[in-house]
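Please examine the sequence and the structure shown here before reading on.

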Amino acid sequence: MLKKILFVALAFSLTNCLILNPAGATIDREKGSVVASRITDAAIQTDLINSTVLAGRPSISLISLLAGDIASIDPAKYYVKADVDQCIADIQGFKGFLLGSLVANIISCQDLKTDGFITGDPFPSF
């Protein structure tokens, strides 16, 4: 009986990984629509901080509102969360302050790769 329970538990965990990982539905991946929203939010925050520090009053550029489109994020695909977090950190960090949100976006977010067998590039990354 114990062998059957262990077999069922192992089979369930393997099929769960085989189904969820390729579909991009695991914790370490984010849907493109969420990624685009996070990049846009980071660009807006960086513009607000930069304009307040440099000009004394907050303002937002039109380019920061299009940050997700500039980063070429496909809303239907999935992206690796660690890469997205690094992109966001670059936009909000020293690169974003020194170069501006647009240049930091272009430098840091253009190389984001999609992940997931069904929704990503030809094969999932392991």
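## Basis of the model

The model is predicted, and local features need pLDDT of at least 70, side-chain atom pairs count only at pLDDT 80 or more, and totals for chains, interfaces and linings use all residues. Residues are numbered from 1 along each chain as its sequence is written, and side-chain values use heavy atoms, without hydrogens or water.

## Nonpolar core

The largest nonpolar core comprises 16 residues, and those with the most contacts inside it are Val35, Ile39, Ile73, Ile91, Cys109 and Leu112. Such a core is a set of buried Ala, Val, Leu, Ile, Met, Phe, Trp, Tyr and Cys residues joined through side-chain atoms within 4.5 Å; buried means under 20% relative accessible area, exposed over 50% and partly exposed in between (1.4 Å probe, protein chains only).

At least two residues of this core come from each of α2 (32–55), α5 (81–92) and α7 (101–109), and α2 gives the most, with 5 residues. Helices (H or I, at least four residues) and strands (E, at least two) are DSSP runs, numbered from the N terminus. Beyond its neighbours within four places in sequence, Cys109 is in contact (heavy atoms within 4.5 Å) with Ile39, Ala71, Cys87, Ile91 and Ala104.

## Contact of α5 with α7

The axes of α5 and α7 come within 8 Å and cross at roughly 155 degrees. Axes are lines fitted to C-alpha atoms, for helices over the stretch in contact, with angles from 0 to 180 degrees between N-to-C directions. The angle makes α5 roughly antiparallel to α7; angles under 35 degrees count as roughly parallel, over 145 as roughly antiparallel, 65 to 115 as roughly perpendicular and the rest as oblique.

Cys87, Asp90 and Ile91 of α5 make the contact with Ser101, Ala104, Asn105, Ser108 and Cys109 of α7.

## Contact of α2 with α5

The axes of α2 and α5 come within 9 Å and cross at roughly 15 degrees. The two helices are therefore roughly parallel to each other. From α2, Val35, Arg38, Ile39, Ala42, Ala43, Gln45 and Thr46 meet Lys81, Val84, Asp85, Cys87, Ile88, Ile91 and Gln92 in α5.

## Serine 72

Ser72 lies in the loop between α4 (67–70) and β2 (78–80). The phi of Ser72 is near 60 degrees, a positive value in a residue other than glycine. Most residues other than glycine have a negative phi. Ser72 counts as exposed, at 53% relative accessibility.
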